[in-house]
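Subject: Structure handover

Hello,

Here is the structure for you to look through. My notes come after it.

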Amino acid sequence: MFSHLIVAYIFIYICLGLIGLGIILLLQMKVSHNKEQHRREMYEQKHHDYFKYIQAHLEEEGALRLPPGKLKPLERKVIQEKYMEWIEQFKGDYRARLIQLCRDAGFVEADLKALSSVSFGRRLDAAYRLGGMRAEEAVPALLQMLQKGKYNSLSIIIARSIAKSAQKSEDVLEMLRILLSHGKPIHHLAADIMLESGMDASGLLLKLLDDPDPALVKVGLVAMWGQAVPEVMPVLGRLVGSEEKDVRAEAVKLYLSSNPALKDETIVHLMSDRNWEVRAAAAKALGPLHAAGSIPLLVKALQDANWKVRYNSAESLAALGEAGFEALCQAALSGAGIQREAALQRIELVMELEQEHSAIEQMVAYNKKRLIHDRYFGVKRKPVKRMTGVAAVGGDYTA
Amino acid sequence: MVTIYYVMIVNILYFAIMGLSYRNILTIFRRSKYSSYNTLSGSELVPSVSLLVPAYNEELTIIENVYCLMTLNYPTYEVIVINDGSSDKTLSVLISEFGLKKMSNPEIRGTIDTQNMRGIYHNPDYPQLFIIDKENGGKADSLNAGINFSHYPLISSIDADSLLEKDALIRMARMYMENPEEMVAIGGDVRIANGCLIENGAVQKVSLPRKIWPMFQSIEYLKAFLGGRIGWSHMNGLVIVSGAFGLFRKDYVIAVGGYRGGYPGEDMNIIIKLHRYMLSHKLPYRVAFCPEAVCWTQAPDSYKIISNQRMRWGRGNLKNMIENRGMLFNPKYKVMGMITMPYNVLFETLNPYFRITGLLALMGYTLLDMTHWRILLTFFLLNFLSGYLLSVGAIILEEIAFRRFKKLSDLWKMLLFSALKFVGYHQLGVLWRIQGHIQYLRKNNSWGAMTRQSWKEESEAA
């Protein structure tokens, strides 16, 4: 029993010792954090006029003055952070002048030195700041750092710094290659990182889309969403025939979103693609393209196994004038199951939305549709009620 | 002596888990400090999320919470509030505040069975807000109804009495985007809002609670989330993502049949089901904890409410462990089967019984021979000091990575309440858990009383 108690006593003493150490550590941390915070506020106040001067003289030619007096390490940190904050906010000449100011103040040089520190924490801090200061000279070392490290959330911080600092598209491509070499499907994140680059987006996108590595092509395609880059449209046309399933789907979606003229055989080909994303994108594009010849294809697509394809087909049919709307009514009346459901849903939406018409043309178009609607469903003014419970049939969750 | 060794072993395991939290804390600090949320929160490349907010009798807090959710820094998302047959004015205050109208034929794509939906309300002026009005069926049922109606590939469950920090969702999305194929669920850090200054649906000034019950819970949450979940997340052994705030892949939630209705503990249940599904299908996956994504919640501030909540948790935990006993020590389930589940059964579910029987035995032993009072004292000291050390450890983690409590007096208060917790509160926790187990045996599966205070009042009280 005695020896057992000794084990327990040892455990108690260890706990007591660790509690004592922990409380001392906590107090020391709290006091030093608060002190640092206080000094930061003091330095911000001290350099208030200098910060005003910088903001007022960003437009003027000639070098900007460095902060006055001999600076303490924390003071330098506060000023550097302010420069970096402005670099993020401004673009063009303002940004360039602030970047130069970082160099003149020796911040870039100091952080380049810190990149070779033995402490990973210091290296990472420096990497982040060098990205903030758009230090091109740091890119080779940052690429090396990214290459050596394991993939984790900190790799993303280094990758963003490279994207911000790089002035050569090869460096951005190299960064993306390293990032994607871990085999993770992080194309969206990689595209977001790539878009942090200050370089011309169209040049970068062209290089990505021409790259033999499908992963890089995917990054390029993903990055194109929301970007108007007409130069890459010919490359997109080529990628529509890609053998890579994901690449083809993304390329088709982008290609069709630009409302290109499509041949009938291309439409048939796209609407029968094995990938639902391709079929959905094709169905969506047919309405705005006013491809009235594709009405039978769209009606057939109302039976597609995928919800999105059915939804887009019904939407496009409704956009194809009276002929499209009539086809929709026919499908609602004579169709069954999911086809009928998709058609009815769109009809209800059309009748509901178009009741709020304002312009004469819209009123005329609405009245024509109203007539077609009444021909199929009678002259009831109430919206057509769906059969309860049908909505759930064939539901999928691919969204 | 068995009892004393049990206490030591339990605490050594707690220390080991906390050790893993320490191993990760600097990475968390750096990623939190250096990740670029400004660009991400405006990017079209971020995945769209459906926020699901089950609400039952939340008329006091719901408006403020919905405003908070509608102003998050996130590019594309929708807020779906599910009124679970509230008997108060939850639905009518929402309709009147947002000018909602019943949708004539809303599209419901999901097929998970739920209670009957009475209607879905929407106002095109608030395109991302939808209110589902349904018959009462419980929290899990409401979440399932939300999933059925949701439009986006990711879902996030949020309690109606909680406030998200503006960047909370984008921080989680960043974590998801770093490993989208494997990430099936991400939990956020839940903190106690009692005592904080709340304005315009956001916590403006962080302070510790003034009342004793929320203060104990504040320490408890800090210990559980920072001290425990970071470590469990590191080894992919998280058994729970708090129902107050979590992000999930919708396709996998549907693949496991959605949330289990009819019993509390649905937040733990869905995570266990996800682990089971992914491991059974040999799919690579991660269930992660994102401590920098913070959700502030109202903690119960009266004995009645907190005891109800803890009994419910006790019941939920026991039910989940019994339901999933097949995973125990089953190598097929890897960390879950070999570590997490046994740990939970031995050191969480059965913990009160070990402690109480041990204490009673020691007391009896000492009463028989008063010369052995030292053993009893040793038992008490072991319990207290090891538990206190864990609290100190969690406060250090907070100070390293987050530093939300700025004042030195806050630190003293946390240290004081970490000690006071062992005089009464800790013992009550053991009692509540046993009462929860008794309720389970009596087949009592009610949610229990839960009253809310408006955020305004809460803020004024602070």
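Below are the conventions, then the chain interface, the domains and the salt bridges.

This is a predicted model, where local features need pLDDT of at least 70, side-chain atom pairs count only at pLDDT 80 or more, and totals for chains, interfaces and linings use all residues. Residues are numbered from 1 along each chain as its sequence is written, chains are lettered from A and ligands numbered from 1 in the order in which they are written, and side-chain values use heavy atoms, with hydrogens and water left out.

**Chain A against chain B**

Contact here means heavy atoms within 4.5 Å. By that rule, 60 residues of chain A touch 60 residues of chain B. The two chains bury about 5,400 Å² between them. Carbon and sulfur atoms carry 68% of that area. Buried area is the accessible area (1.4 Å probe) that two parts lose on being put together, summed over both.

The interface of chain A and chain B has 2 salt bridges. A salt bridge is a side-chain nitrogen of Lys or Arg within 4 Å of a carboxyl oxygen of Asp or Glu. Lys184(A) and Glu182(B) form a salt bridge through their side chains, at 3.5 Å from N to O. There are also 10 residue pairs in polar contact between chain A and chain B, both residues being at pLDDT 80 or more. A polar contact is a pair of N or O atoms within 3.5 Å; within protein, one must be able to donate a hydrogen and the other to accept it, and residues adjacent in sequence count only if both atoms are side-chain atoms.

Six helices of chain A each supply at least two residues to the side that touches chain B: helix 1 (2-46), helix 6 (120-132), helix 8 (153-165), helix 10 (187-194), helix 18 (307-319) and helix 20 (337-354). Helices (H or I, at least four residues) and strands (E, at least two) are DSSP runs, numbered from the N terminus. Helix 1 of chain A gives the largest share, 21 residues. By class, the side of chain A that touches chain B has 38 nonpolar, 11 polar and 11 charged residues. Ala, Val, Leu, Ile, Met, Phe, Trp, Tyr, Cys and Pro count as nonpolar, Asp, Glu, Lys and Arg as charged, and the others, Gly among them, as polar.

**Domains of chain B**

Chain B splits into domain 1 (1-33 + 179-242 + 267-446) and domain 2 (35-168); the bounds come from an automatic or database domain assignment. Their C-alpha centres lie 29 Å apart. The contact takes 17 residues from domain 1 of chain B and 12 residues from domain 2 of chain B. These domains bury about 1,100 Å² between them, 42% of it on carbon and sulfur atoms. In domain 1 of chain B, Gly201(B), Trp296(B) and Gln298(B) lose the most area to domain 2, together 35% of what that side buries.

The rule finds 1 salt bridge across this domain interface. It also finds 7 residue pairs in polar contact there. On the domain 1 side, strand 12 of chain B gives the most, with 6 residues.

**Salt bridges overall**

The structure holds 38 salt bridges over all chains. Arg40(A) pairs with Glu36(A), the closest N and O atoms being 3.3 Å apart. Arg40(A) and Glu36(A) are separated by about one helical turn, because they are 4 residues apart in helix 1 of chain A.

Best regards
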